[in-house]
Structures are given as C-alpha cells and as structure tokens.
Amino acid sequence: MASQHDTLVGAVDQGTSSTRFLIFSSKTGELVTYHQEEINQLLPREGWVEEDPKEILTSVLTCIQKAVDNLNALDISPANIKTIGITNQRETTVVWDKLTGEPLYNAIVWLDMRTASTVDNLVNKTPQKDKNYLRPKCGLPITTYFSAVKLRWLIDNSEVVRAAIRDGRCLFGTVDSWLLWNLTGGKDGGKHLTDVTNASRTMLMNIGSLEWDTDLLKFFDIPVEVLPEIRSSAEVYGQLVSGPLKGLNISGILGDQQAALVGQMCFKPGQAKNTYGTGCFLLMNTGTEVCESNHGLLTTVGYQLGKDKPVIYALEGAVAIGGACVRWLRDNLGIIKTSAEIEDLAAGVDSVGGCYFVPAFSGLFCPYWQSDARGVICGLTQFTTKCHIARAALEAVCFQTREILEIMNEESGIPLMSLQVDGGMTANTLLMQMQSDLLGINVVRPSMPETTALGAAMAAGYAEGVWDIENSAKATITTDTFTPAIRAKDRDGRFTRWKLAVERSMHWEVPTPIQGPIPNLYRSLAGGLFLWTSCALLLAAELLHKR
C-alpha cells in the first residue's frame with residue numbers, strides 16, 4: 001500500500017466505454033485508487049456510433065474529483081500528486097467552436113461506419129484505385145477507421161462545420177486534444193495540442209517527419225488551421241485550470257494502445273502486447289525504423305518520451321470488435337445481464353458445438369480492411385444454446401488475435417514465444433486460457449491489469465522527473481501465466497473452420513441496384529403475374545375480335 005509520503009502521478013484514461021482517473025505510486029507503480037464513469041454510446045443510424053463530447057469532458061472532471069475524494073479517505077494528501085497524464089480512445093473525431101467552446105457535432109467514434117461512401121470516393125481519387133496509396137506517407141490504408149476520413153465526412157455533410165471553418169472558428173482534435181484544450185482553459189486560452197501517437201492515427205501526419213503533411217492535407221482537402229500542434233508524448237503541455245488538482249501540470253499524452261505498450265514496458269524491438277478492450281489491439285515495438293506492412297498491419301508511432309528523445313515505431317494489428325461483442329450479447333440479445341457473466345455462461349459447455357461467430361459489426365479491420373463485411377454466426381443447429389454462442393464469441397476474440405499474430409510474426413521475423421496481455425477482458429480467466437490454447441504459446445497476464453493508464457502516468461512522471469522508467473523496466477512484475485492445453489491439430493482445425501466463417505461474412509453489405517420508389521404492383525410476384533396475364537388476355541381478346 002502506498003504511504004502518506006509517496007510521490008503520486010494521476011492518469012486520465014478516457015476509453016470508448018468508460019472514463020477513469022487512476023492514481024499511481026511513481027515509486028512502485030502500484031495503483032492507489034481510482035474512479036470510473038460509464039460513457040453512453042449514441043447509435044442514431046445503422047453503423048453510426050457517436051458520443052457526446054461534453055459528456056466525455058464531464059466524466060473526466062467527475063472521475064478526477066471522486067478519485068481525489070478516495071485519496072483523502074485513505075488519509076493521503078492530494079498534494080502528493082505531482083503531475084497527470086492523459087490516454088484516450090484513438091481516431092474518435094471531435095470538432096468544436098473555439099470561441100464558444102461548444103462541440104459542432106457529436107464525437108464520431110473510431111468504429112463508426114458512416115464514412116464507407118467517403119472511403120470509396122477517396123479511393124477512386126487514387127491513380128490505381130488503391131486503398132493503400134497513402135501508406136508510404138502515413139502508414140495507414142484509406143478506411144473508415146481513421147480521423148481524416150471522419151473529418152472529411154463532417155465537412156461534406158455538416159453546414160455548421162463548414163461555416164465554422166469558413167469563419168476560422170473550427171478546431172479539430174482526437175479526444176486527447178478536446179480534453180487538453182478544455183482542462184487548460186478552453187475558450188480562455190486552452191492549449192490546442194496533440195501527441196505523435198494520436199497524430200499518427202489521423203492519416204494527416206507524415207510518419208517520417210512527424211509533421212502535418214501538405215500532400216495528405218491536399219488529398220483530404222482539410223485546412224491545416226483546424227489541426228492541433230503535434231508534440232512528443234512526454235512534456236509539459238499546460239496546467240489544470242480548475243478542480244481539486246488546479247495548477248497541476250499535464251505532462252503526458254499517449255493514445256490508449258501506445259500507452260499500454262509503455263505500461264507493459266515493451267521498450268525493446270520485438271516486444272509486444274495485446275489489449276483486450278472494446279476492440280483488440282496487438283502492438284509490437286519495431287525500434288527507431290519505420291516497418292512497412294504488406295499484409296494489412298498498420299505502421300504507427302509507438303511513443304516518443306520527450307521532445308529530444310527518439311521516436312519509437314510499432315506494427316499494429318487492430319480488431320474492431322472484442323469486448324464490444326460481449327456488450328452486444330448483453331445489451332442487444334439480453335443473454336447476460338452483466339459482461340462478467342459471460343465467463344460462467346461460456347463455461348457451461350466444453351466446446352462451441354460447431355458454432356462459429358464472426359463479429360464483423362463494423363466490417364473487418366486487420367488484415368482484411370473489408371468495410372462491407374458483416375457479422376455472422378455459422379453452424380447453428382437445434383443443439384445450439386446460448387452457452388455455445390457465448391463461447392463462440394470468446395473464441396472469435398482469440399481467433400482474430402491469432403490471425404494478426406501470425407502475420408506479425410511473419411513480417412517482423414521475430415516469432416513471439418509468449419503474449420503479454422492487458423485490458424478489461426483479461427479478467428476473464430476462461431478467455432485467457434482459450435487464447436493460449438488457440439495460439440499455442442503462453443499468455444502472460446499482469447496482476448495489475450491497468451497498464452494503459454499506467455503508461456500515461458509513466459510518461460507524465462518521466463517528463464517531470466518523478467518516474468524512473470529504466471528501473472521500472474527492470475522491476476519484477478507479478479503475473480499469471482496460461483499455457484496451451486490442447487493439441488496443435490485441434491487448434492489448427494478450429495482455426496481453419498473459423499476462417500471459413502470469415503469468408504461467409506465478406507461482401508455482405510452490397511449496394512442496392514434499384515434507386516427510388518418502385519410501384520407497389522411490381523413489388524410482388526402476384527402483382528406482376530396479374531399485370532402481365534391481364535395484358536396477354538386483352539391482346540388475345542383483341543385478336544379474336546378482329547377475326
């Protein structure tokens with residue numbers, strides 16, 4: 001337990017499903033206390049996912065206040081907190097009015113699918129109609145996932161946004177920028193900044209120069225004036241202007257998956273981690289060299305721990321639907337009341353009974369980048385129960401991770417002998433054992449699973465000189481290790497069957513060839529037969545009459 005005199009560092013962890021503020025000891029990395037608030041997701045149309053930027057901000061302020069209250073209850077002074085960091089859901093796009101501070105539109109969440117037609121238009125602009133055309137500059141394919149595409153959609157579809165851009169009032173940012181601007185003053189001098197990890201997810205930053213790229217801005221037709229200034233992941237960005245920690249420096253910013261890379265202390269090339277949250281994200285440290293992927297992985301910035309420090313790159317495999325699949329079973333099908341119940345439900349059977357689940361609710365991300373894929377459940381029989389479906393949902397998370405891991409092993413040339421894991425879903429012990437079984441390697445779960453927030457706290461503490469990252473990396477971390485318990489033949493056979501289900505999910509969302517309303521008479525077989533039979537009888541009657 002942290003003492004009353006330990007130096008502490010706070011971390012805002014703003015995720016897709018919830019917001020938390022966590023307080024760590026910079027000496028031991030121990031989690032002292034935290035507070036969490038759920039975030040409402042708005043689904044105005046099929047495939048659309050939005051969140052209220054003001055609710056996100058309010059949740060952060062609430063979490064900071066409640067966590068500080070918890071600290072006081074432990075008889076530890078908030079004055080021990082020396083700085084805070086921010087980690088955030090990446091790609092989620094916010095636009096706001098810099099004069100009023102009001103959002104111009106709801107935040108468009110990273111897994112939102114509304115930009116499919118925007119993607120098609122952008123791909124058609126490229127010389128070979130190639131979604132990978134921009135990869136050499138930004139490391140990313142042209143898909144619905146990234147911020148530039150969402151911002152382009154907003155400009156095309158919102159007169160409010162277009163007017164704000166014309167008037168010079170519009171600011172754009174990912175969630176880190178929105179929070180930082182508000183926490184440091186908002187319309188009264190707030191800092192409009194982002195870090196290299198979040199900027200690398202917009203498709204607008206040159207992956208080599210770490211600056212907004214003129215050619216990319218021209219391609220997307222986005223004015224540079226709306227963009228935040230790019231900084232490193234560990235430096236002083238500004239001070240909190242209100243609340244119980246007023247005056248405290250904000251000194252670290254990392255996108256959530258990169259924060260987990262730091263929190264898992266993957267500081268050497270070849271080290272990797274997989275985070276199981278709303279989606280699943282496998283990142284491997286590739287060192288100071290940009291590593292390009294030929295098989296659908298993403299080239300991204302891993303971290304830059306200081307303005308004068310080297311930039312570390314990573315290869316990433318992104319899966320859109322991980323924990324979101326469990327949430328779907330809870331909220332849409334109602335087969336569980338809480339997400340935690342899925343473990344017991346899935347444990348009610350010892351196999352999926354031939355049932356395979358591909359949760360392509362937002363299309364397929366790595367390695368396919370297939371926006372027209374949709375979710376399927378294959379192999380249903382009268383024998384299938386909700387237990388089988390629950391187990392198939394967990395297996396789907398494991399299979400998607402295996403798919404990415406195999407490509408990462410091939411492209412990096414450094415086969416992983418074990419997988420470090422973190423995120424909310426890792427509390428599910430059955431899932432972790434299934435993951436080890438289906439990968440054929442050990443899965444290592446830290447006893448303190450909050451590695452995403454820990455990474456943001458480490459970056460902030462490092463910038464302020466109160467966190468010794470090098471000694472942290474040498475520290476012994478308590479872990480649980482899961483080892484494979486099935487034969488290679490069995491795991492490979494199951495993976496092959498799941499790949500067949502993936503094929504069935506492809507190209508499901510097809511554009512309708514018919515435009516505009518169709519007369520009701522033509523819509524039914526009976527109506528059509530009546531019409532043409534009547535015409536034939538009239539024609540026959542006319543011929544007989546003439547005879």
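Me: A strand is a DSSP run (E) of at least two residues, and strands are numbered from the N terminus. In which strand does Leu22 have its place?

Reply: Leu22 lies in strand β2, which covers residues 18-25. Please keep in mind that this is a predicted model.

Me: Is Leu22 buried or exposed?

Reply: The cut-off for a buried residue is under 20% relative accessible area. Leu22 has 0% relative accessibility, and it therefore counts as buried.

Me: Which residues is Leu22 in contact with, once its neighbours within four places in sequence are left aside?

Reply: The contacts of Leu22 are Val9, Gly10, Ala11, Asp13, Leu31, Thr33, Tyr34, Glu450 and Ala453. Distance in sequence and distance in space should be read separately: Leu22 and Ile84 are 62 residues apart in sequence, yet their C-alpha atoms are 9.5 Å apart in space. For the protein chain, 71% of the contacts with a separation of 6 or more are between residues 24 or more positions apart.

Me: How many helices and strands does the protein chain have, and why is it described as compact?

Reply: The protein chain holds 18 helices and 21 strands. Its radius of gyration is 26 Å, close to the 24 Å that the globule rule gives for 547 residues, so the chain is as compact as a globular protein of that length. The C-alpha trace spans about 110 × 65 × 45 Å along its principal axes.

Me: What may be said about the interior of the chain?

Reply: The general idea is that nonpolar side chains tend to be buried together in soluble globular proteins. In this chain, buried residues make up 58% of the 547 residues. The largest nonpolar core has 139 residues, and Phe24, Tyr145, Met203, Phe220, Ile222, Tyr276 and Leu394 touch the most other members. Helix α12 (residues 386-412) gives the most to this core, namely 14 residues. A second core is separate and has 34 residues, including Leu8, Ile86, Trp178 and Tyr237.

Me: How many residues of helix α4 are buried, and what covers them?

Reply: In helix α4 (residues 147-157), nine of the 11 residues are buried, and the helix is mostly covered. Among the buried residues of α4 are Val149, Leu151, Trp153 and Ile155. Their cover includes β6 (93-97), β7 (107-108), α2 (116-125), α5 (159-166), β8 (170-174) and α8 (214-220).

Me: Which residues of helix α10 are buried?

Reply: An α-helix has 3.6 residues a turn, so residues three or four places apart point the same way. In α10 (residues 323-333), the buried residues are Gly323, Ala324, Cys325, Val326, Arg327, Leu329 and Arg330. The elements that cover them include α11 (341-346), β17 (356-358) and α12. After α10 comes Gly334, with a positive phi near 70 degrees.

Me: Where is Met265 found, and is Met265 buried or exposed?

Reply: Met265 is in the loop between α9 (256-263) and β13 (272-276). Although it is not a glycine, Met265 has a positive phi of about 55 degrees. With a relative accessibility of 13%, Met265 counts as buried.

Conventions:
Residues are numbered from 1 along each chain as its sequence is written. This is a predicted model: local features need pLDDT of at least 70, side-chain atom pairs count only at pLDDT 80 or more; totals for chains, interfaces and linings use all residues. Side-chain values use heavy atoms; hydrogens and water are left out. Helices (H or I, at least four residues) and strands (E, at least two) are DSSP runs, numbered from the N terminus. The radius of gyration is taken over C-alpha atoms; the globule rule is 2.2 Å times the number of residues to the power 0.38. Buried means under 20% relative accessible area, exposed over 50%, partly exposed in between (1.4 Å probe, protein chains only). Contact means heavy atoms within 4.5 Å. A nonpolar core is a set of buried Ala, Val, Leu, Ile, Met, Phe, Trp, Tyr and Cys residues joined through side-chain atoms within 4.5 Å.
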